[in-house]
Amino acid sequence: MRQPGIVLYKFKREVTTNQRIYFDLYSNGQFMLSGGTNGCLYSWNLENPVVDENGFVVAQNVLQVHKDAVSGCSVHPSLPLLATCSGQRKFVLPSMDGDSESEEELEKFENSVKIWSLLGTRTGSYNELLGQAPSFV
């Protein structure tokens, strides 16, 4: 992009690493999805964006979908499926008192891929995403 033109939208999410965090657009172009290092999946409405006082589009939904960074998400182009993946490179330093890594730090490690159905919920524990309740397939 030598001359990118005019900025249409700005989006904010929690990313506290230099790791690449991907995004995807819903097939009808109405929604954009992206993850964050806090384990959340963000969705923004591009058809009717709500912009805050700093010029950022406000996320329509923020869902906790992983215990670790959500480094990627992908919406299936024709089926109501969403894939999210998690994990990041972490370096656990030994404690000064000689104890091994704490269980709390180890619980935050998650390297997984989850497939979500955008048709409805099986668990009933997730908020709506894209106007529908996602669930594990």
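Buried means under 20% relative accessible area, exposed over 50%, and partly exposed in between, with a 1.4 Å probe and protein chains only. The model is predicted: local features need pLDDT of at least 70, side-chain atom pairs count only at pLDDT 80 or more, and totals for chains, interfaces and linings use all residues. Side-chain values use heavy atoms, with hydrogens and water left out, and residues are numbered from 1 along each chain as its sequence is written.

**Cysteines**
- Zero disulfides (pairs of cysteine sulfur atoms within 2.5 Å) are present in the structure.
- C73 takes part in no disulfide, and the nearest cysteine sulfur, that of C85, lies 8.2 Å away.
- C73 counts as buried because its relative accessibility is 7%.
- C85 is likewise in no disulfide; its relative accessible area is 25%, so C85 is partly exposed.

**Nonpolar cores**
- A nonpolar core is a set of buried Ala, Val, Leu, Ile, Met, Phe, Trp, Tyr and Cys residues joined through side-chain atoms within 4.5 Å.
- The largest such core has twelve residues, among them Y26, F31, L63, C73, W116 and L118.
- Strands are DSSP runs (E, at least two residues), numbered from the N terminus; β2 (31-35) and β5 (70-75) each supply at least two residues of this core.
- β5 provides the largest share, three residues.
- A second, separate core of six residues includes M32, W44, L46 and V57.

**Surroundings of C73**
- Beyond its neighbours within four places in sequence, C73 is in contact (heavy atoms within 4.5 Å) with residues including Y22, F23, L33, L41, L82 and T84.

Terms used:
Helix = DSSP H or I, 4+ residues; strand = E, 2+ residues; numbered from the N terminus.
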